[in-house]
Amino acid sequence: MCGISIGRWAIIAAGAVVTKNVPGYALMAGVPAKHIGWVCECGLTLKEGLQCYSCGKKYLFNDDELCPFPGFLENS
């Protein structure tokens, strides 16, 4: 749809119908698409605590927006 934006690193499930803006790192599914979780930059679903169990990257909310935890070092 014209005028709809999808935030960076967001994942939209196959067949989902996006009818409104999607925040970054959001996992969306359904018709219409609903927010069902958060995803890491490596593509895996974030669990409680907003830390990826695979790569270890941490996230936090900043002004109602999910962001990588400041100071996270790659390859640490």
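In this predicted model, Asp64 is exposed, with a relative accessible area of 80%. This value is over the 50% cut-off for an exposed residue. Asp64 sits in the loop between strand S4 (59–62) and strand S5 (65–68). Phi of Asp64 is positive, at about 60 degrees, although the residue is not a glycine.

Tyr25 also has a positive phi, near 65 degrees, and is likewise a residue other than glycine. Tyr25 is placed in the loop between strand S1 (11–12) and S2. Its relative accessibility is 6%. Tyr25 therefore counts as buried, since the cut-off is under 20%. Thus Asp64 is exposed, whereas Tyr25 is buried.

A cis peptide bond is found between Val31 and Pro32. Omega for this bond is about -5 degrees. Pro32 belongs to the loop between strand S2 (26–29) and strand S3 (34–38).

The structure contains one salt bridge. Glu41 and Lys57 form this salt bridge, and their closest N and O atoms are 2.9 Å apart. Both Glu41 and Lys57 lie in the loop between S3 and S4, so the pair ties together parts that are 16 residues apart in sequence. The two partners fall into separate accessibility classes. Glu41 is partly exposed, at 25% relative accessibility. Lys57 has a relative accessibility of 8% and so counts as buried.

Note on methods. Residues are numbered from 1 along each chain as its sequence is written. This is a predicted model: local features need pLDDT of at least 70, side-chain atom pairs count only at pLDDT 80 or more; totals for chains, interfaces and linings use all residues. Side-chain values use heavy atoms; hydrogens and water are left out. Helices (H or I, at least four residues) and strands (E, at least two) are DSSP runs, numbered from the N terminus. Buried means under 20% relative accessible area, exposed over 50%, partly exposed in between (1.4 Å probe, protein chains only). A salt bridge is a side-chain nitrogen of Lys or Arg within 4 Å of a carboxyl oxygen of Asp or Glu.
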